[in-house]
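Subject: Structure for your files

Hello,

Here is the structure I said I would send. My notes on it follow below.

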Amino acid sequence: MSHAMFRAYADAVKAEIGVATTTRFIALAETTDGRFGLFHHSMLPGAGGADPHYHSRISESFYVLTGEVRLHDGTGWRTARAGDFLHVPENAVHGFRNESDSLVEMLIIFTPAEHREGYFEGLSALLADGNRPSREEMVALMEKYDQYEVDAPDTDLDHPHSHGDGHGPHHGPGDTPAHRTPHVHH
């Protein structure tokens, strides 16, 4: 017979990703028998997030708890607020970033789990102590965990007649385009 597993929020393993993002591991692959992974993602104002990318073996979902986060749905960027949800099937392009001046908190769900916590731990290690990893190091980590960046439309879906998103660079404090903190997956 199986047993239920409880984890208090305060007991969740936490990964500091650069200076602007914290990810708490709520449900790990080992906890769910690999069925899904659940992560609580907190992003300070201006946090870079993840450039558009896809996963070939996993789906990903985002549920916004607080703040406003920019989500890329494969066609462009849109603002998501508390209560908004985005589901991304396998091979679908997506991304996220915090362009606001407020904290963003969201839940990120991966199905199956694919030991996604390894990606967040790797990202935390690469960016520890102000380290600026090479593009090659970042790509190697992403590809190890089924994440592939792509060029995608930079359309602002909130303002469809504008060109680009009108918000300047997509990176957060201390990030450079080659060293953004790619997600989560992504």
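This is a predicted model: local features need pLDDT of at least 70, side-chain atom pairs count only at pLDDT 80 or more; totals for chains, interfaces and linings use all residues.

Which residue stands opposite His72 in β7? That residue is Trp77.

Residues are numbered from 1 along each chain as its sequence is written, and side-chain values use heavy atoms, with hydrogens and water left out.

Overall layout

The chain has two helices and eleven strands; these are DSSP runs, H or I of at least four residues for helices and E of at least two for strands, numbered from the N terminus. Along the sequence the pattern is β-β-β-β-β-β-β-β-β-β-α-α-β. The chain has 186 residues, and 46% of them count as buried. Buried means under 20% relative accessible area, exposed means over 50%, and partly exposed is in between, with a 1.4 Å probe and protein chains only. The chain exposes about 9,000 Å², of which carbon and sulfur atoms supply 54%; the areas come from the Shrake-Rupley method with a 1.4 Å probe, and for residues only the protein chains shown count as cover.

The six-stranded sheet

Strands of a sheet pair through backbone hydrogen bonds, either parallel or antiparallel. Here, six strands form an open sheet in the order β1-β2-β3-β10-β5-β8, with antiparallel pairing. Two strands are taken as paired if DSSP finds at least two bridges between them. β1 (13-17) and β8 (85-88) are at the edges and have a single partner strand each, so one side of each is left without a neighbour in the sheet. From one strand to the next, the twist averages 20°.

Tyr63 stands opposite Phe85 in β8. Phe85 and His87 make up the uncovered face of β8, and Leu86 and Val88 the covered one.

Aromatic rings

Rings of Phe, Tyr and Trp (its six-membered ring) pair if their centres lie within 6.5 Å; planes under 30 degrees apart count as stacked, over 60 as edge-to-face and the rest as tilted. The count by this rule is nine aromatic pairs. In one of them, Phe62 and Phe96 have ring centres 5.6 Å apart and planes at 55°, so the pair is tilted. Phe62 belongs to β5 (residues 59-66) and Phe96 to β9 (residues 94-97), so the pair ties together parts that are 34 residues apart in sequence. Both Phe62 and Phe96 are buried.

Ring pairs also link Phe25, Phe39, Phe110, Tyr119, Phe120 and Tyr145 into a cluster. The charged end of Arg116 sits over the ring of Tyr119, 4.1 Å from its centre. A charge sits over a ring if NZ of Lys or CZ of Arg is within 6 Å of the ring centre and within 35 degrees of the ring normal.

The β6-β7 hairpin

Back to His72 and Trp77. Strands β6 (residues 68-72) and β7 (residues 77-81) run antiparallel, joined by five bridges. Four residues lie between the strands of this hairpin, and Gly74 takes a positive phi near 95° there. The charged end of Arg97 sits over the ring of Trp77, 3.7 Å from its centre.

Loops

- Thr111 and Pro112 are joined by a cis peptide bond, with omega about -10°; Pro112 is in the loop between β10 and α1.
- Thr32, in the loop between β2 and β3, counts as buried at 10% relative accessibility. Thr32 and Pro112 are 80 residues apart in sequence and 9.3 Å apart in space, C-alpha to C-alpha.
- Asp33, also in the loop between β2 and β3, is exposed, with a relative accessible area of 63%. Asp33 is not a glycine but has a positive phi of about 60°.
- Asn91, in the loop between β8 and β9, is not a glycine either and has a positive phi of about 65°.

Regards

Note on methods
Axes are lines fitted to C-alpha atoms, for helices over the stretch in contact, and angles run from 0 to 180 degrees between N-to-C directions.
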